[in-house]
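The entries follow the order in which I looked things up.

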Amino acid sequence: METVPKLGNNVPPKKDKLQGKKKKPWERRSPGPQRSLSGAQDPFAGPAPVPVAVVQKFCRIDKSKKLPRSETKIRSRLEAAEAQEEEISVKAARSELLLAEEPGFLEGENGEDTAKICQADIVEAVDIASAAKHFDLNLRQFGPYRLNYSRTGRHLAFGGRRGHVAALDWVTKKLMCEINVMEAVRDIRFLHSEALLAVAQNRWLHIYDNQGIELHCIRRCDRITRLEFLPFHFLLATASETGFLTYLDVSVGKIVAALNARAGRLNIMTQNPYNAVIHLGHSNGTVSLWSPAMKEPLAKILCHRGAVRAVAVDSTGTHMATSGLDHQLKIFDLRGTFQPLSARTLPQGAGHLAFSQRGLLAAGTGDVVNIWAGQGKASPPSLEQPYLTHRLSGHVHGLQFCPFEDVLGVGHSGGITSMLAPGAAEPNFDGLESNPYRSRKQRQEWEVKALLEKVPAELICLDPRALAEVDVISLEQEKKERLERLGYDPGTKPPFQPKPKQKGRSSTASLVKRKRKVMDEEHRDKVRQSLEQQPQKQEKAKPMGARPSALDRFVR
Amino acid sequence: MKVKMLSRNPDSYVRETKLDLQRVPRNYDPTLHPFEVPREYVRALNATKLERVFAKPFLASLDGHRDGVSCLAKHPKSLATVLSGACDGEVRIWNLTKRKCIRMIQAHEGFVRGICTRFCGTSFFTVGDDKTVKQWKMDGPSYGEEEEPLHTILGKTVYTGIDHHWKEAVFATCGQQVDIWDEQRTSPICSMTWGFDSISSVKFNPIETFLLGSCASDRNIVLYDMRQATPLKKVILDMRTNTICWNPMEAFIFTAANEDYNLYTFDMRALDTPLMIHMDHVSAVLDVDYSPTGKDFVSASFDKSIRIFPVDKSRSREVYHTKRMQHVICVKWTSDSKYIMCGSDEMNIRLWKANASEKLGVLTSREKAATDYNQRLKEKFQHHPHIKRISRHRHLPKSIYSQIQEQRIMKEARRRKELNRIKHSKPGSVQRVSEKKKRVVAVVK
């Protein structure tokens, strides 16, 4: 291209442009640029360029995996699918032009450190609507608070240690309900929509309506310390003091799995939003990964020298941040090698961690909240210099980034604070997945569709794309697994029972004779089979030793 | 410091009045849509189950004939008209939208062996057991007129089948030999024969219109060229073929319905091996007809069922049966590829849907989009065991089901014996012939 269009201030220059279609070698020798009737030349000939990084985002086939050799028909079909995916990813990358919003940012000028900028300054510098998103609720009476934003980011629920539970639409500041449950509240979570709340109280798990009406008291889940809701499986995962991880299906109301983690008291839990695996942090410095389909953890990662204090996983499931009693904050790579990517020593251990949608990491240490940012959306946050810091009026007890707003909600011993974090949230939401501006009708339709496509709990595994991969487990493996699972092989024939015959042909002697006949026949078959296998084994044994040795007689 | 916060204007996300459409902004980023594959799998499972729930293919039964229906013919210009000939010599013309018989003709004494329509749709021909070929007008007799054939040709032998050329005013009959007739003449322009046995059916090729195919009682299928007035080649199979049907999209492909419970798809240019053997029936296959798309065909069999096969697969994708439907003699696929008509022994013509769970009538654009999406999902996940099990499930009458089990056992036994023969003989002495090659006895040019 001869001329490059002028770029604005904030837009980084585009590198590595990708033309719309890959040209084959014979097509590159095409004739000169198109000339119109007037003789003018099109200065931007060819299809508009698309940045490669955006195209890569939409590619889903893992081309590094090698497939076993199969028939030509199947291979050609797979190749056609790959070619189609390339074309489609370019088209999808072009459609990014239609996205209306830009993400926020905060930059210091003249070498200013963004960490030194306080919230009051930011509130002064932004518009009124954004300034209103920063608020402090002083609630000293009912103990340190834990909070949760609903999936659309519109509603906020918080619960205090001394029983104060409230749910409100924090954007319009409209209170939905406010009750005191007369018991200690350990954790609070919205279920699939803002209509239902799960509260982990001192003894049991309670489910409330957003008007404050108690709907259920689930006594099987007792002494729960942490709750996590898996939205696409409609599963509420609870970690209890008794050491059990229980999965409750809230659409049918059944306990899907109650797994004994065998690691003592469980009070550090988070979910991986990419594959719905639950991460539990233990006091021996390990983080274990759990799925309701298996009784044993999927994986165990040794993270810290002391106990693990907090775990968080980012929204794409690539990075896991952990902090431990050894004052370390580490970031691990979850897809691929489970190795630490970076580490940082904090003066005080971080008791709470949270990732935002665009990869910002927030850590609550004592009464200070630090936020670290990375280069772009895909890279891990760099732990060198914090992006923002804020001191609160009490110790941090709960931390969550609001889903589609540049806001970090902090629950502390002095109440709730909503602080501004420019650049934290995904600017363009998808109206069919989570729409903060949805109407009642839209919510009802969405709820029905979500229930219809509820993913069964057995499909939770480390790779959520496993169903779309080519199945290479052999038949032998399947048979072995079936034998283990059932205890006997259903494919074997049941022992021969001679049919009872009439007219005296069914006397004991003749039954025994018939049985003997069949047994002899089977014995002969077995002998024949073993005779067939013997020459195969001899052939195998031959190429083993080039020179005959005296020990060959002991080779089987 | 430079700061910008993400702030959305609610006016561009919320609709202004109740009468507007809701605004739904879309972002196709995969990170906003986690669990794509499991959710699609669940949707595919639901779509497969719903397909089975909505699979109600039977539409109507046309009642009126007083003896078994022996042949059917489609009207080339009108989708709603179908002609049928019965075993008592009666020919009836039906209107499918009103599901009524609009005209009744006593055409022959004895069976009506074949019926075919002229390509323009103004007249049709029938042949019967009384050794006559009669041409009739498609419009009924006007007031005061008798029901009379336009033209009658008396022959010396019984004619067993008739087919009309797709473009010219020529038709072919078969009986003892294959005769090509001009419509204006009373004697055939040429007679072709190869072999000494009677010929049961003849069919013109819709694309290469000078080609004909016929099936004879001595187990062969003969192809003729009308321009040279000679037979071209013939293929001899194990058992007799009842009828053949040419693929309306591929000029050289035809499917033969055979007595050995199978259908054979041949490429005319290479007759030594069939392209595909379609095995699913448990009794002789009596008739076959292609869909106008050329991708599927329907077969009628002496076991009281009709099956729909894809051209490239050897197993049927659909089976239709009813308690009241007895041996199915003839079957036709309508020209809009949506319906199937079959005429059976018990005097009824039945109308079925070609896609059993399809919604008929005009679909809204949302319905169409949803149907297409579900179809694509089912195709994507068709090999997964749960989905395959549900989509393959069909209820079969007990007679057919037990016959299938029996024939499977017999086939297994034959295969095992063959393997044993090979295992226990000198290697190389027993040749392994492919299944397909085994069926063709000879090809003669």
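**Helix packing in chain B**

I began with a pair of helices in chain B: B:E40, B:R43, B:A44, B:A47, B:T48 and B:E51 of α1(B) are in contact with B:Y373, B:N374, B:L377, B:K378 and B:K380 of α2(B), contact being heavy atoms within 4.5 Å. The model is predicted; local features need pLDDT of at least 70, side-chain atom pairs count only at pLDDT 80 or more, and totals for chains, interfaces and linings use all residues. Residues are numbered from 1 along each chain as its sequence is written, chains are lettered from A and ligands numbered from 1 in the order in which they are written, and side-chain values use heavy atoms, with hydrogens and water left out.

I then looked up the geometry of this pair. Helix α1 of chain B spans residues 36–53 and helix α2 of chain B spans residues 365–380; they pack at about 105°, their axes 9 Å apart. Helices are DSSP runs of H or I of at least four residues, and strands are E runs of at least two, numbered from the N terminus. Axes are lines fitted to C-alpha atoms, for helices over the stretch in contact, and angles run from 0 to 180 degrees between N-to-C directions. The angle makes α1(B) roughly perpendicular to α2(B), a term for 65 to 115 degrees; under 35 counts as roughly parallel, over 145 as roughly antiparallel and the rest as oblique.

Next I took α1(B) with helix α3 of chain B (residues 385–392), where the angle is about 10° and the axes are 9 Å apart. These two helices are therefore roughly parallel to each other. On the α1(B) side the contact is made by B:Y41, B:A44, B:L45, B:T48, B:K49 and B:R52, and on the α3(B) side by B:H386, B:I387, B:I390 and B:S391.

**Between the chains**

I turned to the interface, where 35 residues of chain B are in contact with 61 residues of chain A. About 4600 Å² is buried between the two chains, 58% of it from carbon and sulfur atoms; buried area is the accessible area (1.4 Å probe) that two parts lose on being put together, summed over both.

How many salt bridges does the rule find across the interface of chain B and chain A? I noted nine, each a side-chain nitrogen of Lys or Arg within 4 Å of a carboxyl oxygen of Asp or Glu. B:E36 forms a salt bridge with A:R60, with the closest N and O atoms 2.6 Å apart.
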